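Subject: Structure handover

Hello,

Here is the structure I promised to pass on. Please open it alongside this note; my findings follow below.

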Amino acid sequence: MAVADSLVSSLKKVLELEARQGFLDRSVTSGLESFVSAWEKRSQSAPIGHPSGDGAAGIVKALSGYHSADSTRRKAKVDAALGLLQALESGQDHASKALAPARARANHPGKDTSQRHRQEIGAPAAGTGEAREKPVRPVRRSVAVRGALTLDSPLSHLPNVGTTRASLFKQFDILTIDDLLHFYPRKHDDYSSFKKIGELAPGEVGSLVVDVWDMQERRTSRRPIFKALLADASGTAEATWFNRKLVRGLVPGDRIVVSGKLDIYLGHRSFASPTWEKLDKELLHTGRLVPVYPSKEAFASKLGERWMRAIVRQAIDSCLGQVRDHIPEPVLKRAGLVPLPRALEQIHFPDSQQSLEAARRRLAFDEFLVIQIGLLQSKRRWQEISPGQPIAVERALIDRFIARLPFSLTGAQVKAADQILKDLGASRPMRRLLQGDVGSGKTVVACTALVAAAGNGFQGAVMVPTEILAEQHYKNISNLLAGFSVDGNRPLRVALLTGKMRQSEKRQAYEEIASGGVDVVIGTHALIQEGVTFNNLGLVIVDEQHRFGVLQRETLRGKGFNPHMLVMTATPIPRSLALTIYGDLEISTIGELPPGRQHIKTRWLEPHERAKAYQFVRKEVALGHQVFVICPLVEESEAIEAKAATAEFERLQSEVFPELKVGLVHGRMRPSDKNAVMESFHKRELDVLVSTSVVEVGIDVPNATVMMVEGADRFGLSQLHQFRGRVGRGDAQSYCLLLTEKVSEAGKARLQIIEQTDDGFRLAEEDLKLRGPGEFFGTRQSGLPDLKVARLSDMAVLEMARREAQVIFAEDPELASPQYAMLGRMVKEFWEAREGTS
């Protein structure tokens with residue numbers, strides 16, 4: 001009887017809407033005749049009787065020919081059908097009333113299904129036809145769970161999870177309920193705006209409180225299609241789904257909240273695969289800011305977003321009360337932060353945008369705070385607990401070294417050198433970052449420190465990330481120190497140590513390093529191998545530090561007795577990133593370029609301009625200049641990148657520049673082969689050098705005037721700026737040509753910025769905004785902390801966390817007091833995990 005009731009009711013609503021709309025045959029998407037035909041088929045499973053015997057068939061007959069009829073005949077047909085429906089309702093009314101109490105008990109055991117209950121959940125009062133703009137959410141029902149759940153309970157103990165589903169979470173390191181509470185949404189879909197069907201504009205996303213008037217399933221050769229007719233007082237819309245799971249439990253007569261984007265299809269309002277849920281429980285999937293969680297393909301297909309939201313809600317309801325705040329209340333009050341339990345609930349299921357932002361701000365503060373406290377502790381251990389070896393700086397020695405240089409130092413170079421030399425003279429080990437734009441002259445500043453160390457009998461070690469950069473540094477530093485003696489006798493000796501050197505060469509280098517026969521050693525990771533023993537290591541210089549892990553840097557330091565450390569980077573570091581990664585370092589910045597460094601003209605070229613670029617290359621070569629060609633970045637592996645570079649080299653040599661001399665260099669070549677190619681390029685024996693990103697830093701060819709970057713949109717701004725810095729080192733005007741294929745909007749924004757400015761510090765800030773910290777350095781191993789919520793653009797939160805960290809650290813450096821004990825454990829766990837993966 002319930003099915004028959006709903007069938008009669010749904011058709012009656014459609015006919016009444018058709019009458020209100022003036023009999024235009026627009027009340028349902030498919031047309032009234034088609035709808036009634038489908039309605040009749042459904043009525044066969046629940047026969048609708050009639051005193052005269054007509055039943056459903058009589059109604060179909062009354063509406064036959066409706067689409068082709070004029071408005072007068074349409075009105076007559078609708079009136080006749082409504083009369084038949086009224087007779088049907090009268091005939092079934094007694095039985096329906098008799099069954100109503102039992103049906104109510106079956107559907108809502110122990111619940112009042114009266115008009116009062118419907119109004120509590122936002123439904124219109126019976127007979128009013130009007131819904132409030134936004135339903136009042138019911139009091140949340142507690143979830144019945146087996147056993148006592150705690151934050152440390154395995155995820156499998158949650159209802160409807162089990163061991164199989166729990167195993168899928170291991171890829172996200174989620175093992176316990178506490179881990180799940182800290183598995184934050186990657187975004188929130190905003191379905192919080194409630195409107196009526198007639199108020200929602202095409203293309204607008206919103207939420208509706210609607211009645212389901214009809215449900216139909218249509219099978220096609222590929223897949224079934226499920227359609228629902230939705231209605232409120234303002235009109236109707238059709239919803240379509242393509243998966244039975246998505247409509248499970250949805251039946252005519254249901255009052256639901258549906259969220260999605262309204263489209264117009266064949267002149268009718270429609271939703272494609274909208275999210276929905278019934279108005280008899282707290283809304284999780286509609287009518288609010290709906291969380292969307294990080295997922296991988298297999299994870300998403302096996303679990304689904306609705307299930308994911310449901311178990312997170314269970315975890316919150318079961319265990320949120322057990323969460324203890326690790327930050328003392330006075331700190332929260334000073335910083336204006338919400339308590340941790342509130343933040344965890346609102347980051348998942350926010351009541352509003354303001355609540356979401358407050359939760360995000362609190363959790364971002366937590367992440368920044370543990371980083372800042374850890375950096376302060378690291379700096380304290382370095383400076384106060386670890387004794388250093390002071391290097392007495394003889395000013396006359398430094399002045400003698402500077403005087404023999406073929407150029408004058410800039411004011412910024414002099415200031416940076418003075419800061420470094422002052423640190424070397426202290427009893428605590430130096431820990432300083434030297435940063436400067438491309439071509440600002442960091443190497444010669446570092447050499448002043450190496451000279452000071454050698455003047456006190458200490459050795460210096462320079463560690464760089466790549467073979468080719470090690471060789472370049474070896475050449476440059478050897479030239480700067482050539483023939484220079486600190487004691488008037490033996491000139492300083494510089495050695496190179498890389499992994500690809502012959503064993504006999506390595507053994508000789510090991511012996512000279514151990515005996516003190518060399519003053520400066522330049523190398524790659526080979527410097528930290530077990531066989532390397534220094535005679536008296538006093539200064540460690542790490543170039544491009546972000547490419548090394550914490551343990552690698554500390555291993556090199558361990559080769560000496562708390563040696564001084566200087567970190568160099570040619571990538572200008574935005575302040576937020578410097579505070580986050582290098583917060584335990586003092587910072588020296590070379591903010592000006594040496595005199596004579598020119599502006600490099602930069603232009604982004606689209607695919608149809610490629611021939612023009614090649615012609616420009618020929619023109620520059622004809623003028624006696626040379627050209628770099630950078631191949632597109634290939635993230636998969638160095639081997640694939642080398643193969644792509646080889647193919648590009650062969651294409652350019654045979655098809656594009658057969659008349660020019662083209663060379664190739666990439667990271668997979670033997671050092672001797674790379675050296676031979678680079679030497680040929682230096683000697684102008686090659687016109688064009690095709691390369692992978694190994695030329696990003698350190699390569700110095702004054703005669704090169706053109707840097708042509710293929711696939712420029714694959715690189716970040718800072719990397720492109722590094723490439724551009726390889727040219728413009730001579731007197732001739734230089735150029736940077738950026739070639740692309742298909743470019744995204746974000747890619748276009750990056751390329752337009754680098755066309756407009758050659759300020760490396762501005763480009764670094766823009767790169768951080770556009771690509772985020774994880775991609776800022778263009779390398780997988782960047783030393784970046786794992787930030788789940790915080791963004792490095794949150795300077796206000798970062799500065800606040802830094803201030804609070806300094807207050808807490810001044811009060812309790814070891815975080816040993818009871819009020820800071822939980823925070824201390826968090827800091828310890830974070831930094832142990834980070835260093836363990838470095």
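Start with Leu266. Its relative accessibility is 69%, so Leu266 counts as exposed. The residue sits in the loop that links strand S5 (255–265) to strand S6 (268–272). Its phi is positive, about 55°, although Leu266 is not a glycine. For context, most residues other than glycine have a negative phi.

One thing to keep in mind throughout: this is a predicted model.

Asn160 lies in the loop between helix H5 (115–120) and helix H6 (162–168). With a relative accessible area of 55%, Asn160 is exposed.

Now the overall picture. The protein has 838 residues, and 53% of them are buried. Its secondary structure comprises 28 helices and 21 strands. Take the contacts between residues at least 6 apart in sequence: 74% of these join residues at least 24 apart.

Next, two helix pairs. Two packed helices are described by the angle between their axes and the distance between the axes.

Helix H14 covers residues 411–424, and helix H15 covers residues 442–455. Their axes are 9 Å apart, and the packing angle is about 30°. Angles under 35 degrees count as roughly parallel, so H14 is roughly parallel to H15. The crossing of these two helices, H14 and H15, is right-handed. Which residues of H14 and H15 meet? From H14 come Gln413, Ala416, Ala417, Ile420, Leu421 and Leu424. From H15 come Val444, Val445, Thr448, Ala449 and Ala452. By class, this contact of H14 with H15 holds nine nonpolar residues, two polar ones and no charged ones.

The second pair is H16 and H22. Helix H16 spans residues 467–481, and helix H22 spans residues 671–682. Their axes come within 11 Å and cross at roughly 55°. That angle makes H16 oblique to H22. The crossing of H16 and H22 is right-handed. On the H16 side, the contact uses Glu467, Ile468, Glu471 and Lys475. On the H22 side, it uses Pro671, Lys674, Asn675, Met678, Glu679 and His682. How do the residues of the contact of H16 with H22 divide? There are three nonpolar, two polar and five charged residues.

Then there is helix H11 (residues 340–348). Is H11 enclosed or open? Seven of its nine residues are buried, so H11 is largely enclosed by the rest of the structure. The buried residues in H11 are Leu340, Ala343, Leu344, Glu345, Gln346, Ile347 and His348.

Last, the cysteines. How many disulfides does a search of the whole structure find? The search finds zero. Cys447 has 0% relative accessibility, so it counts as buried. Cys736 is at 1% relative accessibility and also counts as buried. The cut-off behind both calls is under 20% relative accessible area.

Best wishes

Definitions and conventions:
Residues are numbered from 1 along each chain as its sequence is written. This is a predicted model: local features need pLDDT of at least 70, side-chain atom pairs count only at pLDDT 80 or more; totals for chains, interfaces and linings use all residues. Side-chain values use heavy atoms; hydrogens and water are left out. Axes are lines fitted to C-alpha atoms, for helices over the stretch in contact, and angles run from 0 to 180 degrees between N-to-C directions. Helices (H or I, at least four residues) and strands (E, at least two) are DSSP runs, numbered from the N terminus. Angles under 35 degrees count as roughly parallel, over 145 as roughly antiparallel, 65 to 115 as roughly perpendicular and the rest as oblique. A crossing is left-handed if the near helix is turned anticlockwise from the far one by less than a right angle, and right-handed if clockwise. Contact means heavy atoms within 4.5 Å. Ala, Val, Leu, Ile, Met, Phe, Trp, Tyr, Cys and Pro count as nonpolar, Asp, Glu, Lys and Arg as charged, and the others, Gly among them, as polar. A disulfide is a pair of cysteine sulfur atoms within 2.5 Å. Buried means under 20% relative accessible area, exposed over 50%, partly exposed in between (1.4 Å probe, protein chains only).
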